[in-house]
Amino acid sequence: MSNRVTHFEIPCDDPITTVKFFKTVFGWTFEKYGEYDYWFATTGDDDQSGINGAVTKRQNPGQPIANSITVKDIDKKAKEIERAGGQVVVPKTAVKNTGWIAFFKDPDGNIHGIWEEDKNAK
């Protein structure tokens, strides 16, 4: 596991309009995730550098764009974050049959996600 940024999320009040905007301006493609207000975004070909992400319905007024970092062990990494001066602000949450997500603030107050793949997450 390389601890690389592997995903971003763009929160918005009107996801349909935001999806249309990024399709029109940048040519991104989108796939809705189940019945959630969540659309996976493919931003380019897999042989190009860069990452893919998503557009999601905003959960609160101050929700920022967040980059997520793939980690091997989300619980261990959350403890490391706190020991290093960060703060977990959204605890480990299951994304059914996909993995685990948590969000943290770095010492400067920026919010980031950590992601652990786990097909058995419930």
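User: What does "buried" mean here, and how much of the protein chain is buried?

Analyst: A residue is called buried when its relative accessible area is under 20%. In this predicted model, buried residues make up 32% of the 122 residues in the protein chain.

User: Which residues is T18 in contact with, leaving aside its neighbours within four places in sequence?

Analyst: Contact requires heavy atoms within 4.5 Å. With those neighbours left aside, T18 is in contact with C12 and V55.

User: What makes up the secondary structure of the protein chain?

Analyst: There are two helices and eight strands. In sequence order, they give the pattern β-α-β-β-β-β-α-β-β-β.

User: What makes a set of residues a nonpolar core, and which residues form the largest nonpolar core?

Analyst: The members must be buried residues of the types Ala, Val, Leu, Ile, Met, Phe, Trp, Tyr and Cys, joined through side-chain atoms within 4.5 Å. The largest such core has 10 residues: F8, I10, C12, V19, F22, W28, F30, W39, A41 and V55. At least two residues of this core come from each of β1 (5-12), α1 (15-26) and β3 (38-42). The most come from β1, which gives three residues.

User: Which residues does F22 touch, not counting those up to four places away in sequence?

Analyst: F22 touches I10, G27, W28 and F30.

User: How many residues are in the second, separate core?

Analyst: This second core has nine residues, including A78, I81, W100 and A102.

User: How many positive and negative side chains does the protein chain have?

Analyst: Lys and Arg count as positive, Asp and Glu as negative. On that basis there are 16 positive and 18 negative side chains, and the centres of the two sets lie 3 Å apart.

User: What share of the accessible surface of the protein chain belongs to carbon and sulfur atoms?

Analyst: The accessible surface comes to about 8100 Å², and 50% of it belongs to carbon and sulfur atoms.

Note on methods
Residues are numbered from 1 along each chain as its sequence is written. This is a predicted model: local features need pLDDT of at least 70, side-chain atom pairs count only at pLDDT 80 or more; totals for chains, interfaces and linings use all residues. Side-chain values use heavy atoms; hydrogens and water are left out. Helices (H or I, at least four residues) and strands (E, at least two) are DSSP runs, numbered from the N terminus. Buried means under 20% relative accessible area, exposed over 50%, partly exposed in between (1.4 Å probe, protein chains only). Accessible areas come from the Shrake-Rupley method with a 1.4 Å probe; for residues, only the protein chains shown count as cover. The place of a charge is taken as NZ of Lys, CZ of Arg, CG of Asp or CD of Glu.
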